[in-house]
Amino acid sequence: MFSIIFGILNLVAGYFLFNPIMHIVYRQFEEADLYQIIVVLTITLILDIGTFQEIAD
């Protein structure tokens with residue numbers, strides 16, 4: 001069950017990171033893209049750690 005949640009969480013994070021990464025590739029990077037990357041990675045990291053703790057318990 002938790003592996004499904006973990007997989008969906010990371011797929012959604014990848015979806016939200018696709019646009020800023022493409023802006024980097026096409027040299028159209030803006031400050032808002034940096035904030036989006038930081039927020040998505042932070043939320044994903046927090047939720048991934050929570051998922052790992054649930055699995056360990």
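Hi everyone. Before anything else, a definition: a residue is called buried when its relative accessible area is under 20%. By that cut-off, buried residues make up 18% of the 57 residues in this protein. Please keep in mind that what we are looking at is a predicted model.

So, what is it built from? The protein has two helices and zero strands. Its radius of gyration is 14 Å, well over the 10 Å that the globule rule gives for 57 residues, so the protein is more spread out than a compact globule. If you draw a box along the principal axes, the C-alpha atoms fill roughly 45 × 15 × 10 Å.

Now to the pair itself. Helix α1 covers residues 2-25 and helix α2 covers residues 31-56. How do they sit against each other? Their axes come within 10 Å and cross at roughly 170 degrees, which makes α1 roughly antiparallel to α2. The crossing is left-handed.

Who makes the contact? On the α1 side we have, among them, F2, F6, L9, F16 and I24; on the α2 side, the residues include I37, V40, L41, L47 and F52. Sorted by type, the residues of this contact divide into 14 nonpolar, five polar and three charged.

Leaving aside residues up to four places away in sequence, F6 touches D48, T51 and F52. F6 and F52 are 46 residues apart in sequence, yet their C-alpha atoms are 8.9 Å apart in space.

Thanks, everyone!

Note on methods
Residues numbered from 1 in each chain as written. Predicted model: local features only at pLDDT ≥ 70, side-chain atom pairs only at ≥ 80, totals over all residues. Heavy atoms only, no water. Axes fitted to C-alpha atoms, helices over the stretch in contact; angles between N-to-C directions. Helix = DSSP H or I, 4+ residues; strand = E, 2+ residues; numbered from the N terminus. Parallel < 35°, antiparallel > 145°, perpendicular 65-115°, else oblique. Left-handed = near helix turned anticlockwise from the far one by under 90°. Contact = heavy atoms within 4.5 Å. Nonpolar A, V, L, I, M, F, W, Y, C, P; charged D, E, K, R; others polar. Rg over C-alpha atoms; globule rule 2.2 N^0.38 Å. Buried < 20%, exposed > 50% of the residue type's maximum accessible area, 1.4 Å probe, protein only.
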